[in-house]
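Hi everyone, thanks for making time for this. I'd like to walk you through one structure, so let me put it up on the screen.

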Amino acid sequence: MRFRLFILAVLAAGFFSSQTAHAQYHYSVRHYNRQGRPYYRGPLHVTLGGGTGLYNGDLGNSPGDNFFGPAISAGILYRLTPHLHLGSEFSYLKLGARDKAKERGLAFSSTNGLGTLFLRFDLLPDESIFASSVTEAPTFQVFVQGGAGLLLFDPRSYLGTTSPGDKTVYLAPERNDYPYLAGVAPVGGGFSVRLTDQLRANVEANYYFTTTDQLDDISVKLGGASRGNDGFGTVMLKLDYSLE
């Protein structure tokens with residue numbers, strides 16, 4: 001139920017923000033950079049992506065110990081200045097890993113819903129946004145980004161070295177209120193390639209700092225050996241479509 005409410009809230013926020021941004025674009029409001037050159041903030045962009053996640057916590061951070069699960073995302077992106085964009089995104093991903101300490105033999109699998117708000121900064125100029133410009137958008141763009149958000153996670157820990165199956169016996173959870181809500185702070189970057197006038201392909205990597213040490217449901221089980229909050233990363237290929 002909490003997953004459903006979380007998803008509905010994020011989608012509703014994205015819908016209303018997109019309507020506001022799209023309406024603003026159709027009024028063709030001009031804005032000016034520091035040199036006084038007029039530019040347009042619109043149009044609104046929608047994104048859809050897929051990839052995988054990488055866990056980093058008390059069990060380790062080796063790619064060889066990760067059970068790579070799917071990660072999908074949907075979001076919107078709107079220009080604020082010639083280089084700065086405001087974005088909102090919802091993602092669903094599965095994380096899992098085996099213990100780097102073979103003698104403990106721990107493992108976990110987790111289902112996660114993620115909602116973020118972020119700022120993206122383009123490193124290369126885009127002359128196409130300026131009034132009276134006949135220049136096309138750059139074929140290649142590089143960007144960095146960062147923001148904040150919420151993570152709704154539902155982990156299950158067990159003894160084993162492989163991904164869980166139908167016969168997996170799970171350990172008692174460390175909390176009795178999973179799925180649990182935690183804060184996240186994503187930082188990352190990537191590059192994009194223009195495919196058509198309205199479509200771009202992005203390769204993007206982000207790392208998410210979290211406010212929890214129980215992303216893997218393994219903190220108390222270590223008896224005080226926990227080394228801090230857990231985190232995770234994502235690597236995605238995204239399609240970015242301009243609505244105008």
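Before we look around, one cut-off for later: a residue counts as buried when its relative accessible area is under 20%, as exposed when that value is over 50%, and as partly exposed in between. With that in hand, Tyr208 is buried, because its relative accessible area is 4%. Please keep in mind that this is a predicted model.

Let's start with the overall fold. As a reminder, strands of a sheet pair through backbone hydrogen bonds, either parallel or antiparallel.

Now a few of those pairings. S4, residues 70-79, and S5, residues 84-98, pair antiparallel over nine bridges. If you want a landmark there, Ala71 has Leu93 in S5 as its bridge partner. Moving on, S6 covers residues 106-122 and S7 covers residues 140-159; 17 bridges join these two antiparallel strands. Here Leu119 is bridged to Gly146 in S7. S7 also pairs with S8, residues 180-194, in the antiparallel sense and over 12 bridges. On that side, Phe143 finds its bridge partner, Gly190, in S8.

Phe143 brings me to the rings. The charged end of Arg120 sits over the ring of Phe143, 4.3 Å from its centre.

How many aromatic pairs does the structure hold? There are eight. Take Phe140 and Phe191: their ring centres are 5.6 Å apart and their planes are at 25°, so this pair is stacked. Phe140 lies in S7 and Phe191 in S8, so the pair ties together parts that are 51 residues apart in sequence.

Another pair is Tyr208 with Phe232. Why do we call it stacked? Because the ring centres are 4.7 Å apart and the planes are at 10°, and planes under 30 degrees apart count as stacked. This pair also links distant parts of the chain, with Tyr208 in S9, residues 199-210, and Phe232 in S10, residues 231-242, 24 residues apart. Tyr208, as we said, is buried at 4%, and Phe232 is buried with a relative accessible area of 0%.

That leads to the interior. In soluble globular proteins, nonpolar side chains tend to be buried together. Here, the largest nonpolar core has 20 residues, and those with the most contacts inside it are Leu114, Leu151 and Phe232. S5, S6, S7, S8 and S10 each supply at least two residues of this core. What is Phe232 in contact with, leaving aside its neighbours within four places in sequence? Its contacts include Leu93, Leu95, Leu114, Leu151 and Tyr208, and also the polar Asn206 and Thr210.

One last stop is Thr111, which lies in S6. Thr111 is partly exposed, at 23% relative accessibility. Its C-alpha atom is separated by 8.9 Å from that of Gly96, which is 15 residues away along the chain.

Conventions
Residues are numbered from 1 along each chain as its sequence is written. This is a predicted model: local features need pLDDT of at least 70, side-chain atom pairs count only at pLDDT 80 or more; totals for chains, interfaces and linings use all residues. Side-chain values use heavy atoms; hydrogens and water are left out. Two strands pair if DSSP finds at least two bridges between them. Helices (H or I, at least four residues) and strands (E, at least two) are DSSP runs, numbered from the N terminus. Rings of Phe, Tyr and Trp (its six-membered ring) pair if their centres lie within 6.5 Å; planes under 30 degrees apart count as stacked, over 60 as edge-to-face and the rest as tilted. Buried means under 20% relative accessible area, exposed over 50%, partly exposed in between (1.4 Å probe, protein chains only). A charge sits over a ring if NZ of Lys or CZ of Arg is within 6 Å of the ring centre and within 35 degrees of the ring normal. A nonpolar core is a set of buried Ala, Val, Leu, Ile, Met, Phe, Trp, Tyr and Cys residues joined through side-chain atoms within 4.5 Å. Contact means heavy atoms within 4.5 Å.
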